[in-house]
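I opened the notebook for a quick look at this one. Here is what I looked up, in the order I went.

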Amino acid sequence: MAPAGRDLSERSLGFLLLAPAAVLLALIVVYPIGTLFWTSLHGVDNANPAAGEQWVGLKNYFTAFQDDRFWSSTLHTIAYIVVTVPLSLVVGLGLAMLANFPFRVQWPVRLGLLLPWALPLVFAGLIFRWFFEYRTGVVNDSLMRLGFEPLQWLSDPTLAFIAICITIVWKSSSFMALMLLAGLQTIPRSLYEAAEVDGASKWQQFVEITLPMLRPAIFVALIFRTITAIQTFDIPFAMTGGGPGDSTETLAMYIHKTTLDFLDFGYGSALAALMFVLSMAATSGYLKYTRRSSGRSGD
Amino acid sequence: MPFNLSRRATVWFAGLIVAANGFFPAVWILLTSLKTETELIRSPITFLPDAPTLENYVIAFTAQPILRFMWNSFVVASLSTILCVFVSALAAYALTRLRIPRRNLIMSLLLAVAMFPLISLMVPLFKVMRELGLLNTYLALILPYAVLSMPVCTLVMASFFQDIPPDLEAAAMVDGCSRVGALWKVVVPLSAPGVFTAAILAFVNAWDEFLLALTMMNRVNMRTLSVGITLYQGEFAFPWPLISAALIIAIVPICILIAVFQERVVGGLTSGGVKG
């Protein structure tokens, strides 16, 4: 009798405590996403703009599929993902291994990892824009000191892409390193000691112990990184503004321009809805993985 | 002995690389901010400023209302943090200490929100805020920021709540506390480090956000710091010493915050990520 009564009150209290979060989510996420899809089915007729937003069905989506700029900005976004996600994993893993040495003074290393994380993306973009400046930037200066010709970093499409990728990798690798470092510190030392006794080289220890033990942390870090890479906006915005031409423009930047500069909400919403679907696919993969892994640990 | 020496050198070298990688950009703009425009265009470039000057900082304070930007960022970040931590604390408590059905599903849904592309949310949120007449008000950023940090804050606090022995709560309730009373008087004080960690993460997230800040606030005196700094660039010219000075002013508060609470921040970031 008593447990049942307690159960019920516990349940209603639970939902009461979850209510504020649910209300906020409904207001800021669920309702707007709903209107996003609704708006994407509307558009302003250019021949008759006074009529306001009219129902156009799936027209905006068909337009998107025939829009070269949609495809090129999507391709750029995918290129950023394909290049920067593996690179920041490798750099992040390197930083994590270096940061895992037994330092007597911890703070310079810890702050060295935290600072790039805490810096706003747009500031990182501005700072690296300054680094890649043609005449006075530190990158070209170093190239010239080493006897190379200075490069037109931000006005050549390929070089601008490379410069943006370098900035993204610098900005995101330290967060990766922090997550991987936490994973490294959970690996028992005894495993390495046993391997040492068996005569395993450092490289063998890395491949046979470190990498397999880090696998969950690497997976989580990769998914987080991919999901943020899909939304790449701030760094190219600050470094090139999408230029030269539209050569470094990402899908997020194109959506922003369509909605706020061209004020085409219908089309912008259709693009945003497509992006939403794209990243939800990535998220569901992540959720599937976490559910599987939490099942494995027996919780 | 030689082995010992080389081992110590390796450790030093490893630390140096990590620290240099993290600090170099900040150090470089600090040096730039002390240079004059004429020194800057010299070739080859100088590393240390020839004649250090604070002039750029004076201009940074007068050319744009940077203190106003900072105040806006501070108001938005702290109010959204308070809202976020309060709401997340209640949710985390319900999810960890109360028996509710479909607990895992609720947790997963919350996590899914963290993965939403902000840009997809930006378009309809802009419309909603415009219809509500909230553009260029703090509320237009406070509400979304609170929601965006909710998943990570809930996770961080949930992992702290889990470690508190249930007996303590039971004891408080025997002493006449209600369950919610027990939450505030027993659970929250005991998990203060977790609450605090969550608060720092939410604050930094809000302080750094750019896209929504750019979208929701188009009046100069409502701009937050991350957007305001981009106003220092001319249409064609980039006055780098001035921009560097403004950047230094803008990153000092956040640097102090992470320097003082570094261990907590690292713990929070990794518990949100690894345990998630």
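Predicted model: local features only at pLDDT ≥ 70, side-chain atom pairs only at ≥ 80, totals over all residues.

**Fold of each chain**

I began with chain A, which reads α-β-β-α-α-α-α-α-α-α-α-α-α-α along its sequence. That gives chain A 12 helices and 2 strands; helices (H or I, at least four residues) and strands (E, at least two) are DSSP runs, numbered from the N terminus.

Residues are numbered from 1 along each chain as its sequence is written, and chains are lettered from A and ligands numbered from 1 in the order in which they are written.

Next I turned to chain B, and found 14 helices and 0 strands. I also noted its C-alpha trace, which spans about 75 × 70 × 35 Å along the principal axes.

**Burial**

I checked how much is buried (20 or more other C-beta atoms within 10 Å of a residue's own, with C-beta atoms placed from the backbone). In chain A, 41% of the 299 residues count as buried. In chain B, buried residues make up 47% of 276.

**Contacts**

I counted two residues as in contact if their C-beta atoms, placed from the backbone, lie within 7 Å. Among contacts between residues at least 6 apart in sequence, 68% in chain A join residues at least 24 apart; for chain B the share is 78%.

Which chains touch? I found 81 residues of chain A in contact with 73 residues of chain B. Helix H1 (residues 2–39) of chain A supplies the largest share of chain A's side, 19 residues.

Definitions and conventions. Buried ≥ 20, exposed ≤ 12 C-beta atoms within 10 Å, placed from the backbone.
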